[in-house]
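This report walks through a protein model a few residues at a time, for a reader who is meeting it here and can follow along in the display below.

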Amino acid sequence: MEFESILLPGISAQRPLVIAGPCSAETEEQVLATARELAGKGINVYRAGIWKPRTKPGGFEGVGTKGLGWLQQVKKETGMYVATEVATRSHVDEAVAHGIDMLWIGARTSANPFAVQEIADALKALAFEGPVLVKNPVNPDLDLWIGAIERIYNAGIRKIAAIHRGFSSYDKKLYRNLPQWHIPIELKRRLAGLPLLSDPSHIGGKRELIASLSQQAMDLNYDGLIIESHTDPDRAWSDKEQQVTPDVLSYILNLLVIRDTKQTTENLTELRQQIDRIDHELLAILAKRMRVSREIGQYKKEHNMPVLQTGRYDEILDRRVNGAREMGMDGAFMKTILEAIHEESIRQQIEVLNQ
Ligand code: PEP
Ligand code: MN
């Protein structure tokens, strides 16, 4: 897939592209007051949810079509581009008819191929050129995310970006949605050229986490941020804990350190060569370990012993995890590695057993 830039005319190419605005459009006054303040802070793209997918019935489900008129007003008054979420064919029809510049597909919708296809068909029928932003599905399924992007691409749209908003989990202690950074990083690797934005509001679920999550996204070379901002966050009708005032947003953005990604110094080249060599050694050591495992498998086969002996495995796990901690590594990290190695050892031994 070959993507085109989502930077509409007049938007700076400097990272980060920032999209900001309230979780939901609530009243005409709130939409316009927030937009004026954000425009005053140099924000170019304004977001507001018009139709809100709510976890439980009875929550605020959005103001609907009349809010689109308010967004038109924002465009006219401030010159900002406007963006909203679409989840059905009629949302697409209405949003495009009202001149909404960017559309995004929410996390609950991108988890549903029928819904994404319906949106893609509606966009194609209207020859909408984008940008369309595809949020990650609520569940940590990279193929499902890529599938949603492909459906939009197959509708002829090239101005596409992905939004990383984190993944649902039962455990909501620190984050509202777990970042699982390796998933968007793998997305970037698989779809080179696809712009990637971070949604620190929905990942963190708390105002206090927005600054550090935004910095982390910038350090991982994300292209932009979509952040919820409201003139009176405590009184927002949805997602109030995670919205910040335009003033605070501007403060957060000014604190961001944008590291230059273009220059690779000689030192970095040397260090990267070291990493290449070490990885090569790691592979060789792992291969050696597997050979020994296979010998053990051969022994077990000759003596009619079962492959899995859990007592021994538990002991190895404990000892290695402690060893890793002593060497300054995370115990959970070592456990993950050992579990993967153990799984492959077992597979190798079973192969020997069946030879
Ligand atoms: C939103 O952007 O307000 C929203 C509903 O987000 P998500 O789809 O990521 O939950
Ligand atoms: Mn929200």
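## A histidine and its surroundings

His 164 is found in strand S6, which covers residues 160-164. In this predicted model, the relative accessibility of His 164 is 0%, so the residue counts as buried. Its side chain takes part in two polar pairings described here: a polar atom of the His 164 side chain lies 2.7 Å from the backbone oxygen of Pro 179, and the side chain of His 164 makes a polar contact with the side chain of Tyr 222 at 3.0 Å.

When residues up to four places away in sequence are not counted, His 164 touches a list of residues that includes Asn 136, Trp 145, Trp 181, Leu 196, Asp 199 and Ile 203.

## Aromatic pairs

The count of aromatic pairs comes to three. One of them joins Phe 60 and Trp 237 in an edge-to-face arrangement, with 5.1 Å from centre to centre and 90° between the planes. Phe 60 lies in the loop between strand S2 (45-47) and H2, while Trp 237 lies in the loop between S8 and helix H10 (246-255), so this pair ties together parts that are 177 residues apart in sequence. Trp 237 has a relative accessibility of 43% and therefore counts as partly exposed.

Another pair is formed by Trp 181 and Tyr 222, whose ring centres are 6.0 Å apart and whose planes stand at 75°, which is why the pair is classed as edge-to-face. Distant parts of the chain are linked here too, since Trp 181 is in the loop between S6 and helix H7 (182-190) and Tyr 222 is in the loop between helix H9 (210-219) and S8, 41 residues apart. Trp 181 is buried at a relative accessible area of 14%, and Tyr 222 is buried at 0%. A further feature involving an aromatic ring is found at Tyr 153, where Arg 158 lies over the face of the ring, at 3.6 Å from the ring centre.

His 202 in helix H8 (residues 200-204) and Glu 228 in strand S8 (residues 224-228) are 26 residues apart, and the pair links distant parts of the chain. His 202 is buried, with a relative accessible area of 9%, and Glu 228 also counts as buried, at 1% relative accessibility.

Val 74 has its place in helix H2 (residues 66-78) and is buried, with a relative accessible area of 0%. Leaving aside neighbours within four places in sequence, Val 74 is in contact with Val 31, Leu 32, Ala 35, Tyr 46, Gly 79, Met 80 and Val 82. The C-alpha atoms of Val 74 and Pro 184, which are 110 residues apart along the chain, are separated by 32 Å. Ser 345 is found in helix H13 (residues 331-353) and counts as buried at 6% relative accessibility; with neighbours within four places in sequence left aside, Ser 345 is in contact with Arg 289, Met 290 and Ser 293.

How values were computed
Residues numbered from 1 in each chain as written. Chains lettered and ligands numbered in written order. Predicted model: local features only at pLDDT ≥ 70, side-chain atom pairs only at ≥ 80, totals over all residues. Heavy atoms only, no water. Helix = DSSP H or I, 4+ residues; strand = E, 2+ residues; numbered from the N terminus. Buried < 20%, exposed > 50% of the residue type's maximum accessible area, 1.4 Å probe, protein only. Contact = heavy atoms within 4.5 Å. Polar contact = N/O pair within 3.5 Å; in protein donor to acceptor, adjacent residues only side chain to side chain. Phe/Tyr/Trp six-rings, centres within 6.5 Å; stacked < 30°, edge-to-face > 60°. Lys NZ or Arg CZ within 6 Å of the ring centre and 35° of its normal.
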